[in-house]
Amino acid sequence: MSSSTEPNTTPGVLAEIRVPRETVNDDVVTVQDWHARHGEVVRAKQHVCSIETSKAVLEVEAEAEGFLEIIHAKGAEVPIGELVGRVLQSAPGASDVVRDPGAPARARDIEPAANGHTAPAAAPVRSSNRLRDRMASGSTGTEAVVGSGAGASGSSSVSGHELPASPITTQTISRKAQRLIDEHQLDPRAAFAGLGLVREVDVIRFLEQRTAARMQESPSPPSPAERLKSEPVVASEPRVQAATVNSAYASGKSKGLFGDAAASAKDRGNRSVIWLAWNYIWRNWFLGHMVRIAPRGVILTLHKWRGVKMGRDVFIDPTAIVETAFPENITIGNDVRITAGCVIMTHIKAPHYLRETGLVPVVLKPVVLEDHCFIGVNSVVMPGVTVGKASVVTSGSVVVNNVPPYTMVQGNPAKVIKQFPRPE
Amino acid sequence: MSDLLDQYAGDLRAALTIRFVEQRLLKLFSEGKLFGTVHTCIGQEFVGVSVARCLNDADTLFSNHRGHGHFLAYRRNIVGLIGEIMGKSVGVCAGRGGSQHVQQDGFYSNGIQGGIVPVTAGMALAHKMQKTGGIGVVYVGDGTLGEGALYESMNIISKWDLPVLLVNENNLFAQSTSQQQTLAGDINARAEAFGIRSWHSNTWEWSKLFENMQACIEEIRRTGRPAWHRVDTFRLMAHSKGDDNRPEDYVQPYRDKDPINVLLKQHEHDPRWQTLIREIEQEIEQAVQQAESAPWGAVDDAIARNTHRARGYRWMRKSFEKEKGVASVRKGLEQGMADHENLVVIGEDIESPYGGAFKCTMGLSARWPERVRNTPISEGAIAGIGNGLAMRGMLPVVEIMFGDFMTLCMDQWINHAAKFKFMFNDKVRIPVILRTPMGGKRGYAATHSQSIEKHFLGLPDTQVLCLHHRYAPAMMYADLFRTIELPTLVIENKILYGQNVHAEPPAGFDLLFTDELFPTARLKPELGAHGQADVTVLSVGGMSLDVEEAAVRLFQDEEIVCDVFMPTRLYPFDVGVLEQSLTETRKLLVVEEGQGFAGFGAEVIAQAAERFGHLGIAARRVSATPNPIPAARPLEQHCLPGASAVVNKAMEIVREFVH
């Protein structure tokens, strides 16, 4: 861009057309109409513009004779004192009229190709200085004006030069989320369709699901250890479905000593019945009892053999019951304590009558205990519950709903009694 | 003298009835059968009689605390009066009004000195506009000569040529205080100063009083001009009960020359008079018996109606044109004037070309010159005129130039507008609208920037609406004009006048409205299935602009999700509208521009604590700092809450949230 982009040094500005303060009501007024077209010659004292205030319609006149340059088009809302147009010595360039008062920051990001400058077109430059853009395009001469038909509709001359990602008009993205979106080069409109407010956690969830989907498609997925390395473990929000975070805690032995029961049954087809019977005897009866009498050092290993997925530094008391039938549905994060007498259940199987009449259907839902959470003595965690990061379930509680991160719950049913300050 | 009875049969009967009823009431009081007190007019009977004998059904009367005589002279409803004072269902207002608040047909009374004068002026204006031929009569004692509302009204009554008769009962005492201590200057000179023709009579020469009063009322009817009629008289009994400190030898001469005492003495042995007296006494005795045997006025639905009933809220979308707040208000008024022929707009400086201090009434007076009127600077009087207009079938819209001046309308609002419907047993409607701009941030300083809506909240039988930028004033006014039953105060924040009202929510939020007549708008965050809001924010009036900005900032910078509510009606207000959101967030932030102490936010939080205490709600308020509003921009910015204050408080409640 040349030095002529600086408006102060631009020669040839004969007069400025500004919005006067007329009433005490208005800080912003509306450009009701222009009586001359962009680039047209106007005379001194000629009424060129009507400004609508809350009180009346004001006629604004040009103070000099010259070529009219329209800065704010018909319908635009402009603050008091703002420049709406100018009278120039020579015809102005293609009009880059701002129609929408909310638009300045995203009005134009790329110079028109007609400008002749190649650099900006190749590497989009974010610029909120409309005036500078316009002045630069103005330097190309008058033919652009003729070509675009001038007038208030001149903005069409820059269509097609918008940024590839169109401006977000229906979403607000938090700063944290924006950082992640930029990092991963996501298109928020596609990725978070139907979501008005996009938070960091939404982006993380999207990334996790994308990773999970890619790994399913991929013929040779990376080993769980590699996965853990590449995908950082992220604390999720309370309502996160357990299935989406399971992978985060999966370790090499998470499928149990003899593999995952459900997956095995699927692989083995009809033969699975015998295998399932063995599995039941081995996992649920033998190992299920072993964890009660085994030395503390062995308990965790036995739970892992049973199929419980868990991270590092976990403590499980021998008297705790960590699911009786479907231990593979339990995911435990790092540094979790499950104390004496706790019962963590992932299934509910009511008596025949209740099940068959449909009064109490069979429930089988995963349970997730996120990092650093603490399950107090004699507490019960019911199927489908996620206990959030660094949360406390006090003794004797029955947890039926998800526990948000950094929260203390108590009672039957467990209710929030305290929230801890979250580290920034 | 026996021809007196032929000439004035009805009038003398009325006067005697008044005397005997008052005496009977004093007896009932002594017997402990009256609840409260009575103000008797013994000695002043002929004033009411002299007026009532010249009135017809189109006329309206407004009486004061000492109104029994005025009422009985107008309508000989003894059961209705005694029943009312005893609090029985046969009373004219079924026991709701009592001694000082009696209403039947064109008769009204209120125990507020002075305030009844502008109401009468409003009624007279209604008579004039509706061409009923009626006049307005108002009774003011000499004590009321100390009230400013009287003079504000006299000025308007004279300037606007209203057919009003001001009857000044000059009995020399205001309660216990002698006129010598309180009255300066001449009584009738006051009226003359306003260009009102004044008359002077007394009750001792009662036949002369009748003549003068008749001439006076006929002149009002003929010219349409008001008149002031001073009637010298004397109250023989106490102001109320047992509070008479006047020496006996001062009162005795008046007792001796009292016209009724004189007449009774003269006709002691006249059989016609004795028959008449017996008849009246029988009539009164029957009335007392009837009243005594009647049941008490019932505590019915009307009294119980304001108790809370839980209701569900349905949320819906609405669309309206994006335009400046002031344009929408103007459009609403304009449409209202076109749709409702009885709509009248009055206020200071509202006529074109000026069109109001904030230009809300621009152009209205050009189209409807008869129905849009500039008033003098008399806020109390014009609010009262609004009340009077509303009670006589008009739909008045009174513009009070600045909300701060509403203090001058307090009496009219609290003691008149809010009371008439109930204390007159729902026999009157008072659809009056007061519009006023409140709020600061324009550098108008301490007396032109306040948000004092809290002083007008919680008055039964009124409603308080407030504008915000998410609901079009034009829609609100259209609904209001269509459905108004109660006195309604509309608070229009000044900042909103110059801002756009529009239905296009900020990105990421959905704009919903309740299915109420005056809906609460809600900016509901669109979080998808996994998210929930962090804090419920209730924004009062013009704070909607700042709250909305804060909600966007809070989300972008802090990921704090606000569920924003903007009520259009502040009173009555039901916190149930927040139920769904509070269940989710359990955090409530109320944002108001006025003082927080005992403000709207306090009410909302109290209601929330009562209704949703089991949820363990945490609550915070954003309001102005406790000092008058300074003028300088930075000082004002410090004192009045803006978007940053909302952001800070929201962060505080979310971070420190402890159940």
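Where in chain B is Pro353(B) found? Select Pro353(B) in this predicted model: the residue is in the loop between strand 12 (343-347) and helix 16 (364-367) of chain B.

Next, select Tyr571(B) and Pro572(B). The peptide bond that joins Tyr571(B) to Pro572(B) is also cis, and its omega is near -5 degrees. Pro572(B) belongs to the loop between strand 23 (569-571) and helix 22 (579-585) of chain B. For context, most peptide bonds are trans, and most residues other than glycine have a negative phi.

Continue along chain B to Arg586(B), in the loop between helix 22 and strand 24 (587-595). Arg586(B) is not a glycine, yet its phi is positive, at about 55 degrees. Then move to Ala94(B), for which phi is near 55 degrees, again a positive value in a residue other than glycine. The loop to display around Ala94(B) runs between helix 5 (78-86) and strand 2 (103-104) of chain B.

**The contact between the chains**

Now display chain A and chain B together. Their contact takes 33 residues from chain A and 32 residues from chain B. Between them the two chains bury about 3,000 Å², of which 48% is on carbon and sulfur atoms.

Select Arg175(A) and Asp557(B) at this contact. These two residues form a salt bridge in which the closest N and O atoms are 3.6 Å apart. The count of salt bridges between chain A and chain B is one. Polar contacts between the chains amount to seven residue pairs, with both residues at pLDDT 80 or more.

To view the side of chain A that touches chain B, colour the elements that give two or more residues to it: strand 2 (28-34), strand 9 (172-173), helix 4 (175-184), strand 10 (197-198), helix 6 (200-217) and strand 26 (415-419) of chain A. Strand 26 of chain A supplies the largest share of this side, four residues. Colouring by residue class shows 10 nonpolar, 10 polar and 13 charged residues on the side of chain A that touches chain B.

**A salt bridge within chain A**

A search of the whole structure gives 44 salt bridges over all chains. For one within chain A, select Lys45(A) and Glu61(A), whose side chains meet in a salt bridge at 3.7 Å, N to O. The pair links distant parts of the chain, 16 residues apart: Lys45(A) is in the loop between strand 3 (41-42) and strand 4 (47-52) of chain A, whereas Glu61(A) is in strand 5 (residues 57-61).

**A nonpolar surface patch**

Finally, show the surface of chain A and select Trp278(A), Tyr280(A), Ile281(A), Trp285(A) and Phe286(A). These residues form a nonpolar patch on the surface, with about 570 Å² of accessible area together.

Terms used: Residues are numbered from 1 along each chain as its sequence is written. Chains are lettered from A and ligands numbered from 1 in the order in which they are written. This is a predicted model: local features need pLDDT of at least 70, side-chain atom pairs count only at pLDDT 80 or more; totals for chains, interfaces and linings use all residues. Side-chain values use heavy atoms; hydrogens and water are left out. Patches are made of residues with over 30% relative accessible area and no salt bridge: like charges are joined within 9 Å, nonpolar side chains (Val, Leu, Ile, Met, Phe, Trp, Tyr) within 5 Å. Accessible areas come from the Shrake-Rupley method with a 1.4 Å probe; for residues, only the protein chains shown count as cover. A salt bridge is a side-chain nitrogen of Lys or Arg within 4 Å of a carboxyl oxygen of Asp or Glu. Contact means heavy atoms within 4.5 Å. Buried area is the accessible area (1.4 Å probe) that two parts lose on being put together, summed over both. A polar contact is a pair of N or O atoms within 3.5 Å; within protein, one must be able to donate a hydrogen and the other to accept it, and residues adjacent in sequence count only if both atoms are side-chain atoms. Ala, Val, Leu, Ile, Met, Phe, Trp, Tyr, Cys and Pro count as nonpolar, Asp, Glu, Lys and Arg as charged, and the others, Gly among them, as polar.
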